[in-house]
Amino acid sequence: QVQLVESGGGWVQPGGSLRLSCAASRDIFQINNVAWYRQAPGSPREFVAARTSGGASNYADSVKGRFAISLDYAKNTVFLQMNNLKPEDTATYYCNLQVRLTSHSRRTDYWGQGTQVTVSP
């Protein structure tokens, strides 16, 4: 098992920036796809950004040009840099990693506990 510990959320004014982190609690044999999702109160969880093991990234239209996903393989940590934040970005953000914990493991999905991002004047 592995725990994903998220950090970096908080309150920021519109136009501000935050950098979310999602760190694995142990070494991982192989990280495949990684992604960020978010959920606002009363709304379903929605896709924000993803990065494949091949290095390709894709983003929800609402965050393109403002958010950037990255991965530090050495630290088993995924980041989401969020710039020019808007009130509609307010939500709880969740990281998702598809990993093989050991060479004998199958690929498994893990989720972070969520970190709150609030954008308001």
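Select Y37, F47 and W111: together they form one aromatic cluster. This is a predicted model, in which local features need pLDDT of at least 70, side-chain atom pairs count only at pLDDT 80 or more, and totals for chains, interfaces and linings use all residues. Residues are numbered from 1 along each chain as its sequence is written, and side-chain values use heavy atoms, with hydrogens and water left out.

A search of the whole structure turns up two aromatic pairs. Rings of Phe, Tyr and Trp (its six-membered ring) pair if their centres lie within 6.5 Å; planes under 30 degrees apart are stacked, over 60 edge-to-face, the rest tilted.

Start with Y37 and F47. Their ring centres are 5.8 Å apart and their planes meet at 75°, so the pair is edge-to-face. Y37 is in strand 4 (residues 30-39) and F47 in strand 5 (residues 46-51), ten residues apart. Strands are DSSP runs (E, at least two residues), numbered from the N terminus.

Now show the surface. Y37 is partly exposed at 24% relative accessible area, F47 at 28% and W111 at 39%. Buried means under 20%, exposed over 50%, partly exposed in between (1.4 Å probe, protein chains only).

Finally, select R45. Its charged end sits over the ring of W111, 4.9 Å from the centre. R45 also lies over the face of Y94, 3.8 Å from that ring centre. The criterion: NZ of Lys or CZ of Arg within 6 Å of the ring centre and within 35 degrees of the ring normal.

Methods. Helices (H or I, at least four residues) and strands (E, at least two) are DSSP runs, numbered from the N terminus.
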